[in-house]
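Here's a quick walk through a couple of spots in this structure. Have a look at it first, and then we'll go through them one by one.

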Protein chains: 2
Amino acid sequence: MNFISGNETDGVNEQLFELEVAGEQLTGALWYPARADGPRPLVLMGHGGSQNKKFPPLVARAQRYAQVFGFAVAAIDMPGHGGRRGAEQAAQFGAEIGARLAQGQPVGEFVSHRMTGLAAQAVPEWQAALDALQSLDFIGAGGPVGYWGLSMGGAIGVFLAAAEPRITAAVFGLAGLFPGQEAMAAAAAKISIPLEFVVQWQDEMVPREASFALFEAFGSKEKSLHANPGTHGRVTNLEVENWERFFQRHLGTPKVF
Amino acid sequence: MNFISGNETDGVNEQLFELEVAGEQLTGALWYPARADGPRPLVLMGHGGSQNKKFPPLVARAQRYAQVFGFAVAAIDMPGHGGRRGAEQAAQFGAEIGARLAQGQPVGEFVSHRMTGLAAQAVPEWQAALDALQSLDFIGAGGPVGYWGLSMGGAIGVFLAAAEPRITAAVFGLAGLFPGQEAMAAAAAKISIPLEFVVQWQDEMVPREASFALFEAFGSKEKSLHANPGTHGRVTNLEVENWERFFQRHLGTPKVF
């Protein structure tokens with residue numbers, strides 16, 4: 001893991017990093033309290049499709065988590081995103097979704113299958129990043145790790161949380177389970193950590209039934225589905241506040257900010 | 001409104017009261033900070049079927065709301081409950097539900113129609129109680145009023161909130177909307193206040209689809225559906241905490257506890 005640039009804002013360090021995984025340069029960002037000393041909870045944030053590790057609302061939450069809760073927060077560019085190889089296919093895929101939506105066609109199943117394919121690459125990348133992050137003395141190994149991801153970040157997160165026992169609590173949402181997605185159903189069933197799951201009641205990309213099917217499939221005993229009015233991505237700030245409480249409850253507070 | 005007995009516990013007054021409405025003695029309970037001075041938010045709590053105004057978890061929440069948030073909280077016995085006239089029919093109805101559930105028959109529609117009937121009596125009773133409560137100097141008129149009710153208390157609450165503009169925020173849940181319930185659908189559509197709506201994912205009395213239909217029918221712009229695993233009535237403490245935040249957010253804090 002190479003730190004390639006950094007800056008401090010309001011007591012929070014932001015470090016961009018690179019990490020070689022399977023012959024490709026993974027690019028990521030890490031936020032942590034500037035005075036961080038010793039191990040602390042880590043939150044992995046999986047950005048949505050067409051976004052990247054520096055998507056402004058993600059950065060704002062990461063900075064707040066570091067500043068107010070003392071967490072470390074990391075985001076990586078997903079395959080084909082943030083200047084990584086495969087941008088052309090990602091753009092093509094985005095255009096195809098746009099065209100289908102413009103024609104009033106359902107896109108959920110099409111999107112969901114693509115996400116399953118992406119997850120096969122993204123999961124080992126997240127795991128390699130987690131190895132590197134946990135080797136840093138201000139994060140440490142063995143501590144609580146949260147995952148947050150909606151839409152593409154949600155679908156990939158389901159596969160990651162199923163494969164990665166170090167993740168101890170997760171927020172997913174704006175993602176669904178469609179008929180025939182046995183791999184995703186099996187991944188969801190394997191998950192037993194506390195979950196919060198976000199649904200947009202008028203989601204034009206993920207039908208409610210697919211959201212409900214994914215929520216149903218999770219093996220977790222503690223799982224809460226929160227649904228609010230609005231279209232895909234227009235998640236209310238009430239949920240942003242709920243995620244903070246969720247991660248505080250499940251990840252705790254570091255001894256030293 | 002006649003206060004018939006009272007006591008103080010941990011800085012909270014509990015007063016039982018009677019109020020004549022349409023020739024019948026309504027029985028209720030009121031909690032408020034012992035040192036209450038001047039107007040404050042009021043929360044009305046609608047108990048569930050077979051319960052009454054002194055149902056222990058309701059009392060525990062009422063005491064906490066008064067002690068920690070400075071609210072006044074009131075509960076009244078619903079028709080046929082808590083020693084009121086009609087107990088025999090209520091018991092018969094409860095036995096009928098039990099028998100149907102034991103035979104694996106759906107009960108939601110049967111229950112929901114009965115609740116609509118009860119609401120016709122309960123709504124004017126709640127309104128008379130609200131008149132009397134708002135005439136007390138430590139509650140006052142014109143301040144924020146919340147309503148909380150699940151199951152029977154939820155179904156009745158939908159009709160009450162539709163009829164009563166003084167109610168400014170409500171928590172409903174464990175209640176559904178079934179085909180043909182036009183009066184309830186119209187009541188739900190009339191409601192425009194912020195709502196939190198609780199669903200139990202394995203509710204044996206209210207099918208998910210009926211819960212979703214009721215949530216969909218609410219006219220409110222701000223409405224959040226929270227679903228958790230479990231059967232009817234087994235609501236997680238996480239939601240109990242969410243209700244506290246919801247009422248604090250929407251009802252505010254009194255000037256003087």
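## Two helices in chain A

Let's start with a pair of helices: H2(A) passes H3(A) in a left-handed crossing. Keep in mind that this is a predicted model. H2(A) covers residues 87–102 and H3(A) covers residues 108–134. Their axes lie 11 Å apart, and the packing angle is about 165°. Angles over 145 degrees count as roughly antiparallel, so that's how H2(A) and H3(A) run relative to each other.

Who makes the contact? On the H2(A) side there are Gln89(A), Ala90(A), Phe93(A), Glu96(A), Ile97(A) and Arg100(A). H3(A) brings in Phe110(A), Val111(A), Arg114(A) and Met115(A).

## A covered strand in chain B

Now over to strand E8(B), residues 195–200, which is mostly covered: six of its six residues are buried. Leu195(B), Phe197(B) and Val199(B) point one way from the strand, while Glu196(B), Val198(B) and Gln200(B) point the other way.

## The neighbours of E8(B)

E8(B) pairs with E7(B), residues 167–173, in the parallel sense over four bridges. Here Gly173(B) sits opposite Val198(B).

Note on methods: Residues are numbered from 1 along each chain as its sequence is written. Chains are lettered from A and ligands numbered from 1 in the order in which they are written. This is a predicted model: local features need pLDDT of at least 70, side-chain atom pairs count only at pLDDT 80 or more; totals for chains, interfaces and linings use all residues. Side-chain values use heavy atoms; hydrogens and water are left out. Buried means under 20% relative accessible area, exposed over 50%, partly exposed in between (1.4 Å probe, protein chains only). Two strands pair if DSSP finds at least two bridges between them. Axes are lines fitted to C-alpha atoms, for helices over the stretch in contact, and angles run from 0 to 180 degrees between N-to-C directions. Angles under 35 degrees count as roughly parallel, over 145 as roughly antiparallel, 65 to 115 as roughly perpendicular and the rest as oblique. A crossing is left-handed if the near helix is turned anticlockwise from the far one by less than a right angle, and right-handed if clockwise. Contact means heavy atoms within 4.5 Å.
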